[in-house]
Amino acid sequence: RAFVYGGVRESARAREGDQSSRSGVSSDVWEVNAATGEWRAVKAAVPPRGRAFHTATAIDSRAFLVFGGATAPPKRPRRR
């Protein structure tokens, strides 16, 4: 099994090029079972702060370390 944490949440309007639409970073934690392909949302007792562009690695069966990244998505250049 593997855990997936964070990422960028982009609104549908932002994907369509609406620069006024806000996107944000996610604090979601998901567990994926590689054998079955099943995904399960993990409810954290203390949810981590939203983060994207980071790396994570398992420490042991009860913890993982998240390093680097950003707490806000990068700003896109404005179209003129």
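Trainee: What is the volume of the second largest pocket?

Mentor: About 340 Å³. The model is predicted, and the linings use all residues.

Trainee: How many lining residues are nonpolar, polar and charged?

Mentor: Eleven are nonpolar, two are polar and six are charged. Asp counts as charged and Phe as nonpolar.

Trainee: Why are β6 and β7 called paired strands?

Mentor: The cut-off is at least two bridges. Five bridges join β6 to β7. Therefore the two strands pair. They run antiparallel, and Thr55 stands opposite Phe67 in β7.

Trainee: What joins β6 to β7?

Mentor: A hairpin, through two residues.

Trainee: How do you know that β1 pairs with β4?

Mentor: Take the same test, at least two bridges. β1 and β4 (residues 29–33) have four bridges in the antiparallel sense, so they pair under that cut-off. Ala2, for example, has Val32 in β4 as its bridge partner.

Trainee: What is the order of strands in the open sheet?

Mentor: β1-β4-β5, with antiparallel pairing. Neighbouring strands of this sheet are turned by 25° against each other on average, direction ignored.

Trainee: What makes β1 and β5 edge strands?

Mentor: β1 (2–5) and β5 (38–41) each pair on one side only.

Trainee: Why is Phe53 called exposed?

Mentor: Exposed means over 50% relative accessible area. Phe53 has 54%, so it is exposed. Phe53 is found in the loop between β5 and β6.

Trainee: Is Ser26 buried or exposed, and how do you know?

Mentor: Buried means under 20%. Ser26 has a relative accessible area of 6%, so it is buried. Ser26 lies in the loop between β3 (24–25) and β4.

Trainee: What makes the pair Ser26 and Asp28 a polar contact?

Mentor: The limit is 3.5 Å between N or O atoms. The backbone nitrogen of Asp28 lies 3.0 Å from a polar atom of the Ser26 side chain. That value is within the limit, so the pair counts as a polar contact.

Definitions and conventions: Residues numbered from 1 in each chain as written. Predicted model: local features only at pLDDT ≥ 70, side-chain atom pairs only at ≥ 80, totals over all residues. Heavy atoms only, no water. Axes fitted to C-alpha atoms, helices over the stretch in contact; angles between N-to-C directions. 1 Å grid on protein atoms, 1.4 Å probe; cavity = no way out; pocket = protein on both sides within 12 Å on 5 of 7 lines; lining within 4 Å. Points joined across faces, edges and corners; volume = space filled by probe spheres on them. Buried < 20%, exposed > 50% of the residue type's maximum accessible area, 1.4 Å probe, protein only. Polar contact = N/O pair within 3.5 Å; in protein donor to acceptor, adjacent residues only side chain to side chain.
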